[in-house]
Amino acid sequence: MTPSIFIDTESKSTAVDAIVLTPRMVQFAWASGSVSSHRLRLRDQVRFYLRHLMMDEALSYGSWSNWVLDNQI
């Protein structure tokens, strides 16, 4: 079984309902109802997850999701 981290963003974002992190993959459940999956470097996932855990108020889930779309490998 692949380890995964589920982040519920429905109450914090108008663009993204949920984010699922698995090793080198991220999946977005968009508010529009669609789901997308993208390859991403592990260090970028760790950086995002640490910001999420520290409740960084500057963290925008929608902006980070768009950054992933532009920087996926």
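This is a predicted model: local features need pLDDT of at least 70, side-chain atom pairs count only at pLDDT 80 or more; totals for chains, interfaces and linings use all residues.
View 1. A search of the whole structure finds four aromatic pairs, and the one formed by Phe28 and Trp30 is tilted, with 5.3 Å from centre to centre and 45° between the planes. Both residues lie on the covered face of S3, together with Val26, whereas Met25, Gln27 and Ala29 make up the uncovered face of that strand. In a regular strand the side chains alternate between the two faces of the sheet.

**View 2. Phe48 and Tyr61, an aromatic pair between two helices.** The rings of Phe48 and Tyr61 form an edge-to-face pair, with 6.1 Å from centre to centre and 80° between the planes. The pair links distant parts of the chain, since Phe48 belongs to helix H1 and Tyr61 to helix H2, 13 residues apart. Phe48 counts as buried at 2% relative accessibility, and Tyr61 is likewise buried, with a relative accessible area of 9%. Phe48 and Tyr61 are members of one aromatic cluster that also takes in Phe28, Trp30 and Trp64.

**View 3. Helix H1 and its buried face.** Helix H1, which covers residues 42-53, has twelve residues and reaches 16 Å from its first C-alpha to its last, close to the 16 Å expected at 1.5 Å a residue. Its buried residues are Asp44, Gln45, Phe48 and His52. Seen down the axis of H1, these buried residues fall within an arc of 100°, so they line one face of the helix. What covers them includes strand S1 (5-8), strand S2 (16-22), strand S3 (25-30) and helix H2 (61-71). After the helix comes Met55, whose phi is positive, near 55°.

**View 4. Tyr49 in helix H1.** Tyr49 is found in helix H1 and, at 24% relative accessibility, counts as partly exposed. If residues up to four places away in sequence are not counted, Tyr49 touches Ile5, Ile7 and Leu21. The C-alpha atoms of Tyr49 and Ala31, by contrast, are separated by 20 Å, although these residues are 18 residues apart along the chain.

View 5. The strands form an open sheet of four in the order S1-S2-S3-S4, with antiparallel pairing. S1 and strand S4 (35-39) stand at the edges, each with a single partner strand, so one side of each is left without a neighbour in the sheet. Neighbouring strands of this sheet are turned by 15° against each other on average, direction ignored. Helix H1 packs on the sheet and touches S1, S2 and S3, and its direction makes about 130° with that of S2. Helix H2 also packs on the sheet, touching S2, S3 and S4, and the direction of H2 makes about 130° with that of S3.

**View 6. Strand S2 between S1 and S3.** S1 and S2 pair in the antiparallel sense over four bridges, and in this pairing Ile5 stands opposite Leu21 in S2. S2 and S3 also pair in the antiparallel sense, over six bridges, with Ala18 opposite Ala29 in S3. These two strands, S2 and S3, form a hairpin with two residues between them, and Arg24 in the turn has a positive phi of about 65°.

View 7. Five bridges join S3 to S4, which run antiparallel, and among the facing residues Ala29 has Val35 in S4 as its bridge partner, while Gln27 stands opposite Ser37 in S4. The hairpin of S3 and S4 has four residues between the strands, and Gly33 takes a positive phi near 105° there. S4 has a covered face formed by Ser36 and His38, and the uncovered face of S4 holds Val35, Ser37 and Arg39.

How values were computed. Residues are numbered from 1 along each chain as its sequence is written. Side-chain values use heavy atoms; hydrogens and water are left out. The expected span of a helix is 1.5 Å times one less than its number of residues. Buried means under 20% relative accessible area, exposed over 50%, partly exposed in between (1.4 Å probe, protein chains only). The arc is that of the directions from the helix axis to the C-beta atoms. Contact means heavy atoms within 4.5 Å. Two strands pair if DSSP finds at least two bridges between them. Axes are lines fitted to C-alpha atoms, for helices over the stretch in contact, and angles run from 0 to 180 degrees between N-to-C directions. Rings of Phe, Tyr and Trp (its six-membered ring) pair if their centres lie within 6.5 Å; planes under 30 degrees apart count as stacked, over 60 as edge-to-face and the rest as tilted.
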